[in-house]
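Dear colleague,

Please find below the structure for your review. The findings follow directly after it.

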Amino acid sequence: MLSFAQVPDAPRFEQFPATEKFSGKPAAPVLKTSGDRGFRTMIREGAAKGPNFAGYLTIATWGCGASCWHIAVIDAESGQINHDLPEYFTVDAGSAEPLSYKLDSRLLILRGCPREKDCAVYYYEWTSLKFRLLQKK
């Protein structure tokens, strides 16, 4: 069983404030890959809700089994889908929220096993172009 307790020296949301802000109607997602097209309904529904991360990005998630999650990160202005993160990850059924993020922060916390390997808590910073791994615990 995985244990994802909050680590005292872990990155915090307030350390990574959002530097951009989007307002307006979100763009339709640009579905370039076969994976994007295969999950177009979930990606479109998530994108339509508007930004929920880093001021202008939308994180859309959906289940792929009892302990599996898919993730898509969509730019609300351009509709571009970012493919830096693993397309799916597994989590322990008893663990805390698998993803933590905020509209006003560039910090993303993923608790789980990307592609079913290397289980840990991952702390990522959005750097305007891609995710940068800060810590893995």
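In the lining of the largest pocket, β2 has the largest share, with four residues. This is a predicted model, in which local features need pLDDT of at least 70, side-chain atom pairs count only at pLDDT 80 or more, and totals for chains, interfaces and linings use all residues. Residues are numbered from 1 along each chain as its sequence is written, and side-chain values use heavy atoms, with hydrogens and water left out.

The elements that supply at least two residues each to this lining are α1 (34-38), β2 (68-75) and β3 (81-82). Helices (H or I, at least four residues) and strands (E, at least two) are DSSP runs, numbered from the N terminus.

The largest pocket holds about 220 Å³ of space. Among the 15 residues that line the pocket, D36, I71, A72, H83 and E87 are the closest to its centre. A pocket here is an open set of points on a 1 Å grid over the protein atoms alone, where a 1.4 Å probe fits, with protein on both sides within 12 Å along at least five of seven lines; lining residues have an atom within 4 Å of a point. Grid points are joined across faces, edges and corners, and the volume is the space filled by probe spheres set on the points.

By type, the lining comprises nine nonpolar, four polar and two charged residues. Ala, Val, Leu, Ile, Met, Phe, Trp, Tyr, Cys and Pro count as nonpolar, Asp, Glu, Lys and Arg as charged, and the others, Gly among them, as polar.

As to the whole chain, there are two helices and eight strands, in the order α-α-β-β-β-β-β-β-β-β from the N terminus. The C-alpha trace spans about 40 × 35 × 20 Å along its principal axes. The radius of gyration of the protein chain is 14 Å, which agrees with the value near 14 Å for a compact globule of 137 residues; it is taken over C-alpha atoms, and the globule rule is 2.2 Å times the number of residues to the power 0.38. Of the 137 residues, 45% are buried (under 20% relative accessible area, 1.4 Å probe, protein chains only).

A10 counts as buried because its relative accessibility is 2%. Beyond its neighbours within four places in sequence, A10 is in contact (heavy atoms within 4.5 Å) with Q15, Y123 and Q135.

With kind regards

Notes. Buried means under 20% relative accessible area, exposed over 50%, partly exposed in between (1.4 Å probe, protein chains only).
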